[in-house]
Amino acid sequence: MSQITIQCRLVADEVTRQFLWTLMAGRNTPLINELIEQLSQHEEFEAWRRKGKVSSSVVTQLCKSLKTDSRFSGQPARLYVSAEHTADYIFKSWLAIQKQLQQRLDGKLRWLEMLKSDEELAQESEVDIAEIRDRASAILAQFQPSTSSDKSIQKQSKKGKKSRKADSSDPSLASQLFDRYRDSKCLLEQCAIAYLLKNGSKIPDQDENPQKFTQRRRKVEIQAKRLQDQIESRIPHGRDLTGQSWLNTLEIATQTVPQDNTEAKRWQDRLLTDPTSLPFPLVFETNEDLVWQKNVQGRLCVRFNGLSDYTFKVYCDQRQLHWFKRFLTDQKTKKAGKNQHSSGLFTLRSARLAWQQGEGKGNPWDLHRLTLYCTVDTRLWSAEGTEQVRQEKAAEVAQKITQMENKGDLLKTQQAYVKRLSSTLARINTPFDRPSKPLYCGQPQVIVGLSIGLEKPATIAVWDAATNQVLANYGIRQLLGKDYRLLTRRRSEQQKTAHQRHKAQKQSAPNQFGESELGQHVDRLLAKSIVAIAKSYKSGSIAIPKLGTIREIVEAEIKAKAEQKCPGYVEGQQKYAKQYRASVHRWSYGRLIDSIRSQAIKLGIAIEEAKQPLAGKLEEKARDVAIAAYQARSN
């Protein structure tokens with residue numbers, strides 16, 4: 001993946017801004033809302049939910065049928081195309097999330113089937129618990145050799161510490177036990193594996209406490225119920241720019257008694273959430289839908305196909321200006337070459353025109369700012385990167401031509417398709433005149449591993465697979481350097497905002513408070529530092545943690561600190577954990593990783609994902625993430 005998103009502000013006269021707001025808020029958004037509603041009520045909706053995929057042809061057919069609807073007829077063709085892409089993207093994203101939730105729910109339900117007390121396991125297997133324990137010990141012994149060999153790669157850094165011994169609570173061992181439970185046909189063996197899994201893949205020293213087991217099982221049941229509620233309650237919905245949905249909820253809440261606390265909470269959430277005030281963006285999936293030019297003052301401007309009567313001036317950061325100038329150069333090159341060049345090698349890949357939230361009172365087209373988001377392929381900046389992309393696209397088109405020719409007698413439409421592919425192949429092979437910039441060549445065996453934590457958002461370890469050593473460790477202070485004070489200031493802002501939100505919630509008042517962009521600035525500083533370190537060590541990739549387990553990572557850190565602070569005192573640990581959560585707020589780990597990904601892509605450093613361990617120091621976790629990413633390559 002080598003694409004990043006850049007943005008600029010678009011400036012136009014008041015008449016143009018008013019027209020565009022009316023077009024997007026009065027026509028495009030209601031059209032998308034209707035598409036979303038019809039897709040949500042479609043007869044195949046449940047089938048899409050189970051498969052985690054929506055049929056794009058269905059979205060196209062629904063959008064085509066709405067063209068004859070009196071509410072949406074007579075609109076520019078650009079709006080129908082944009083609405084189709086937007087609705088398709090919304091449902092694909094939502095279904096992907098639903099699929100993840102369903103997988104988590106299925107896992108919880110399977111675990112509930114296996115999670116049984118010692119007494120229940122003994123009754124099911126018709127043997128006493130001692131025999132189950134003996135069988136569990138025998139199964140555990142069978143996994144010990146392989147576990148040790150898998151762990152041999154995880155040696156300590158150059159400080160000379162010995163490699164860690166195999167831990168029977170290793171997550172990979174638990175995964176193997178789950179697989180064996182699934183494949184086993186022996187009831188006694190299944191009970192023994194279930195006994196191991198519920199005790200952390202090891203033989204416990206003490207007898208089971210029935211009360212604690214009941215609490216543990218109840219906790220899993222609650223988690224499964226919450227996942228089930230999320231799956232059933234989350235349905236895509238449009239944007240209510242008029243606030244009518246908020247007024248309807250207010251009317252219902254004032255005239256109706258809620259059936260239960262859940263319904264009352266749902267009403268309260270809706271009333272305390274400000275209605276959406278911005279329309280859906282216009283999506284341009286084709287880079288030739290944007291026409292670039294310079295006005296008489298030399299200012300870069302842009303027009304859009306379907307809205308060609310309106311011109312917008314481009315205002316952007318100096319660091320991104322060269323990208324927008326390249327868009328104009330690419331377009332001029334193709335025009336001067338009389339379409340001998342392919343738009344498939346344009347630096348611009350797609351774009352999105354949206355309104356950005358403003359403040360104050362007045363007309364919405366005066367308050368909000370027009371913003372253009374452009375997706376670019378960083379490889380297409382240089383001649384070497386363009387050649388790499390050209391070879392990939394040429395091979396793909398040539399393969400399609402070969403597949404069509406192998407079919408034998410082709411229909412006229414198929415012959416026309418082959419002719420278009422041949423024309424595309426010829427244009428792709430016509431090079432663009434671009435500056436030379438050698439591609440980044442890192443050492444694939446050198447990996448920069450990243451670990452995330454609650455108190456310290458980022459820690460990295462540079463690991464060399466060839467020598468099986470950690471070359472260097474960098475904590476949050478080393479990564480930020482003199483800018484470390486910004487992290488402290490950001491923490492103070494979070495505490496202040498949380499206190500304001502708490503007071504507002506107690507008064508049932510709106511509790512959505514805006515925050516400064518200091519956190520984003522710190523993320524960018526961290527990303528810049530991490531990528532610079534990776535470049536200095538000629539690292540082939542940066543291994544980042546999978547964010548799907550972020551809750552477990554944070555909770556494991558809090559629990560470890562609580563146990564260290566109050567050893568053996570459960571109530572004290574719970575109290576300390578509650579205070580610690582209030583004092584140290586969570587970081588936007590997704591935004592941090594996106595910043596790292598964006599900076600790495602610009603340089604050409606690959607990004608790998610791996611699961612971060614729950615236990616250990618942050619430096620050890622960073623190293624383990626790098627090792628897991630390296631091992632995943634062979635798998």
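Q: Contact means heavy atoms within 4.5 Å. Which residues does Val-376 touch, not counting residues up to four places away in sequence?
A: Val-376 touches Ser-2, Gln-3, Ile-4, Ile-6, Trp-323, Phe-327, Thr-347, Leu-348 and Arg-349. The model is predicted, so local features need pLDDT of at least 70 and side-chain atom pairs count only at pLDDT 80 or more, while totals for chains, interfaces and linings use all residues. Residues are numbered from 1 along each chain as its sequence is written, and side-chain values use heavy atoms, with hydrogens and water left out.

Q: Why is Val-376 called buried?
A: Buried means under 20% relative accessible area, exposed over 50%, and partly exposed in between (1.4 Å probe, protein chains only). Val-376 has a relative accessible area of 0%, so the residue is buried.

Q: Where does Val-376 lie, and how far is Val-376 from Ala-600?
A: Val-376 lies in strand 7, residues 369-377. A strand is a DSSP run of E with at least two residues; a helix is a run of H or I with at least four, and both are numbered from the N terminus. Val-376 and Ala-600 are 224 residues apart in sequence and 14 Å apart in space, C-alpha to C-alpha.

Q: What makes Gln-98 buried or exposed?
A: The relative accessibility of Gln-98 is 2%, so Gln-98 counts as buried. This residue is found in helix 4. Leaving aside neighbours within four places in sequence, Gln-98 is in contact with Arg-49, Gln-230, Ile-231 and Arg-234. Asp-269 is 171 residues from Gln-98 in sequence and 22 Å away in space, C-alpha to C-alpha.

Q: How many aromatic pairs are there, and what makes two rings a pair?
A: The whole structure holds 13 aromatic pairs. Rings of Phe, Tyr and Trp (its six-membered ring) pair if their centres lie within 6.5 Å; planes under 30 degrees apart count as stacked, over 60 as edge-to-face and the rest as tilted.

Q: Which kind of pair do Phe-19 and Tyr-310 form, and why?
A: The ring centres of Phe-19 and Tyr-310 are 4.4 Å apart and the planes stand at 15°, so this pair is stacked. The pair links distant parts of the chain, 291 residues apart: Phe-19 in helix 1 (residues 14-40) and Tyr-310 in strand 5 (residues 307-315). Phe-19, at 30% relative accessibility, counts as partly exposed, as does Tyr-310 at 22%.

Q: Which kind of pair do Trp-111 and Phe-178 form, and why?
A: With ring centres 6.0 Å apart and planes at 70°, the pair of Trp-111 and Phe-178 is edge-to-face. Trp-111 lies in helix 4 (residues 77-114) and Phe-178 in helix 7 (residues 171-183), so the pair ties together parts that are 67 residues apart in sequence. Trp-111 is buried at 15% relative accessible area, whereas Phe-178 at 37% counts as partly exposed.

Q: Which residues do ring pairs link into a cluster?
A: Phe-45, Phe-91 and Trp-94 are linked in this way.

Q: How many disulfides does a search of the whole structure find?
A: The search finds 0 disulfides, a disulfide being a pair of cysteine sulfur atoms within 2.5 Å. Cys-63 counts as buried at 2% relative accessibility, while Cys-441 is exposed at 64%.

Q: What describes the protein chain as a whole?
A: The protein chain has 22 helices and 12 strands. Of its 635 residues, 40% count as buried.
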